[in-house]
Amino acid sequence: MGRLVICDHPLIQHKVTIIRDKETNTKQFRELVDEVAMLMAYELTRDMPLEEITVHTPVSEAVGRRIAGRTMGLVPILRAGLGMVDGVLQILPSAKVGHIGMYRDHETLQPVEYYISLPTDVEERELIIIDPMLATGGSANAAIDMLKKRGCRPTKLMCLIAAPEGVKAVQERHPDVDIYLAALDEKLNEQGYIVPGLGDAGDRLYGTN
């Protein structure tokens, strides 16, 4: 079973509380989401492999460590996932970015892919799927399915807020994917919104209704 990691650093929890507040305006919301994504990226990269390397300081030789292994790729789910990408790129500036676009079919209620664009070397990268909200898990599972069908290796799912139902759905379908959250909330309501949640992340990021 993949790990479930709640990023409980005090700075993250403080900023998430402001993000939840309905009085937080679009500019503040966007800036805070960016900051929380950057802070969460530290936790996501904690298990990156290292290798020893010798460098020459102005004084003498020094044995240090540098990141080794597979390079990273970021795959935000459009459109809300875009709001977290710049924050992660501040920590992983060499990561390449792909995009997945989906909409929900009103009759089947299932996610339907309308756009996917991936880096040319995507199969060589460890992929982080990014979406602020993990509600039912339908979009996250569909995105992971799309990547796996293309021979990719999604290893982490990064979300701000999740409902237990969404976490369970992803863990059952993709037990090889680790889930990183800033907060795990109480439940989904009848409309499929996370409670207490923060509303529609896309609308609050971009000032739409």
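Colleague: Which residues is Gly137 in contact with, leaving aside its neighbours within four places in sequence?

Modeller: Gly166, Ala169 and Val170, where contact means heavy atoms within 4.5 Å. Gly137 itself is in the loop between S9 and H4. (Helices, H or I with at least four residues, and strands, E with at least two, are DSSP runs numbered from the N terminus.) Keep in mind it's a predicted model, where local features need pLDDT of at least 70, side-chain atom pairs count only at 80 or more, and totals for chains, interfaces and linings use all residues. Numbering runs from 1 along each chain as its sequence is written, and side-chain values use heavy atoms, without hydrogens or water.

Colleague: Is Gly137 buried or exposed?

Modeller: Gly137 counts as buried, because its relative accessibility is 4%. Buried is under 20% relative accessible area, exposed over 50%, partly exposed in between (1.4 Å probe, protein chains only).

Colleague: What about Ala135, where is that found?

Modeller: Ala135 also sits in the loop between S9 and H4. Outside its four-place sequence neighbourhood, Ala135 contacts Ala163, Glu165, Gly166, Leu188, Gly192 and Ile194.

Colleague: OK, on to helix H5. Which of its residues are buried?

Modeller: H5 covers 164-173, and its buried residues are Gly166, Val167, Val170 and Gln171. They line one face of the helix, because they fall within an arc of 130° seen down the axis of H5. The arc is taken from the directions from the helix axis to the C-beta atoms.

Colleague: And what's on the face of H5 turned away from that buried side?

Modeller: Lys168 and Glu172, both exposed.

Colleague: What covers the buried residues of H5?

Modeller: The cover includes one helix, H4 (138-149), plus strands S1 (4-6), S9 (133-134), S10 (153-162) and S11 (178-184).

Colleague: Now strand S8. How many of its residues are buried?

Modeller: 6 of 6, over residues 125-130. Arg125, Leu127 and Ile129 point one way, Glu126, Ile128 and Ile130 the other, and all are buried.

Colleague: How many bridges does S8 make with S4?

Modeller: 6, in the parallel sense, with S4 being residues 71-78; strands pair if DSSP finds at least two bridges between them. S8 and S10 run parallel too, joined by 5 bridges. Take Ile130: Pro76 stands opposite it, and Met158 is its bridge partner in S10.

Colleague: There's a lysine in S10 I was curious about. Is Lys156 buried or exposed?

Modeller: Lys156, which is in S10, counts as buried because its relative accessibility is 4%. Beyond four places in sequence, Lys156 touches Leu44, Asp47, Glu126, Leu127, Ile128, Ile129, Val177, Asp178 and Tyr180.

Colleague: Last topic. What does UniProt list for "binding site" around Ile194?

Modeller: An unreviewed entry gives Ile194, Gly199, Asp200 and Ala201. UniProt positions are in the numbering used here, with shortened feature names, and annotations may be inferred rather than shown by experiment.

Colleague: Where's Ile194, then?

Modeller: In strand S13, residues 194-195. Ile194 counts as buried, because it has 8% relative accessibility. Setting aside residues up to four places away, Ile194 touches Met133, Leu134, Ala135, Ile161, Ala162, Ala163, Asp185, Lys187 and Leu188.

Colleague: And where is Asp200 found?

Modeller: In the loop between S13 and helix H6 (201-206). Asp200 counts as partly exposed, because its relative accessibility is 31%. Apart from neighbours within four places in sequence, Asp200 contacts Arg79 and Tyr193.
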